[in-house]
Amino acid sequence: YLRYFHIGIRCILRKIPMAICAVEVGSTNSRFIYLVEKLILKKSKIIIVRNDESYNYAISMGAQNVICTADSVFALSKSMFDDYSVPSLIKSDRSKLLFLHVNRSVYENKQILEKIVPIVNEFCLNHPEYNVVVGMDQYTSNQKDIFDYLANFITAPTIFNEYNDPFQLCKTIDMCDLIVTHKLHVGIVGAHLGKSIISFSGHTSKIERLYKQLNIPSRTVPLKKLSKELGVQMLERYHDEPVEVPKEVRDAAKSNFSHLECFIKQLSGNY
């Protein structure tokens, strides 16, 4: 509520027009949050959602002026991160690179160690041309300690990618060939950049919607259903098949900014 909805309630009380731009909309188990969400959706001037499921849900909540587009990341230009540097080992490595997405604490990496690392090890044993880039998508001061701990369990050569900036992470992903991730946005960036993406998903519902939208539903499986055999099969099948994002998805992502610009222009005479 504090992160997403409180600002909406304040806008309603102060009669400030709202636009909701390129988000996921879904159900909640909280009756209070449900009522707040419904109020904000009904009071918003324009609602832009990033998939059909969100569109249908927003309509069912009584929302008006709902537009279905795609995640704004699919409008990302490489020029935004071209000048960022990556670790020298990544830049100089002539092997193929597998990006292994990890979390920012030993505890949070428990499932990754138990379920994903054995899959990566088995794959790299069969494909010694791959080295493993280990990185996260959030900053923590003990990143190197986490890497050193995880590297003890990875049998392939490993490279540490320190996270300091989201665009630097984009640059690193662009240097890799295969992305193994349990989250949403690393997969989105990798797909947008034409990498091979394998998703062993934590936030399953959002990720399944995305991969369905990209026509690649077989590239994701929930962590709770993941077995070593299934994971290795997925890597073997898709490691050399880059994802191609449909043109209509890229165009829809770009339209988010056109819709937002139009909303702002409509307000320009009043604010």
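Q: Hi! How many aromatic pairs does the structure hold?
A: There are 5 aromatic pairs in the structure. Rings of Phe, Tyr and Trp (its six-membered ring) pair if their centres lie within 6.5 Å; planes under 30 degrees apart count as stacked, over 60 as edge-to-face and the rest as tilted.

Q: And what kind of pair do Tyr-1 and Phe-32 make?
A: Their ring centres are 5.7 Å apart and the planes stand at 45°, so this pair is tilted. Tyr-1 lies in the segment before H1 and Phe-32 in helix H2 (residues 31-43), so the pair ties together parts that are 31 residues apart in sequence. Helices (H or I, at least four residues) and strands (E, at least two) are DSSP runs, numbered from the N terminus.

Q: What about Phe-147 and Phe-160?
A: That pair is tilted too, with centres 5.1 Å apart and planes at 35°. Phe-147 lies in helix H6 (residues 143-151) and Phe-160 in strand E6 (residues 158-161), so the pair ties together parts that are 13 residues apart in sequence.

Q: Before I go on, what sort of model is this?
A: It is a predicted model, where local features need pLDDT of at least 70, side-chain atom pairs count only at pLDDT 80 or more, and totals for chains, interfaces and linings use all residues. Residues are numbered from 1 along each chain as its sequence is written, and side-chain values use heavy atoms, with hydrogens and water left out.

Q: Thanks! Back to H6: which residues are buried there?
A: Gln-143, Ile-146, Phe-147 and Leu-150 are buried in H6. Buried means under 20% relative accessible area, exposed over 50%, partly exposed in between (1.4 Å probe, protein chains only). Phe-147, for one, has a relative accessible area of 8%.

Q: What do those buried residues pack against?
A: They pack against helix H5 (110-126), strand E5 (130-135) and E6. Contact here means heavy atoms within 4.5 Å.

Q: Now H3. Which residues are buried in that helix?
A: Ser-54, Tyr-57 and Ala-58 are buried in helix H3 (residues 52-60). They cover an arc of only 100° around the axis, which puts them on the same side of H3. The arc is that of the directions from the helix axis to the C-beta atoms. On the other side of H3, Asp-52 and Ser-60 are exposed.

Q: New topic: how many salt bridges are there?
A: A search of the whole structure finds 12 salt bridges. A salt bridge is a side-chain nitrogen of Lys or Arg within 4 Å of a carboxyl oxygen of Asp or Glu.

Q: What joins Arg-50 and Glu-24?
A: Their side chains meet in a salt bridge, 3.0 Å from N to O. Arg-50 sits in the loop between E2 and H3, and Glu-24 in the loop between E1 and H2, 26 residues apart. Both Arg-50 and Glu-24 are buried.

Q: Which residues are in the network with them?
A: Asp-71 and Arg-209 are linked with Glu-24 and Arg-50 in a network of salt bridges.

Q: How about Glu-53 and Lys-212?
A: They form a salt bridge, with the closest N and O atoms 3.5 Å apart. Glu-53 is in helix H3 and Lys-212 in helix H9, 159 residues apart. Glu-53 is partly exposed at 26% relative accessible area, while Lys-212 counts as exposed at 53%.
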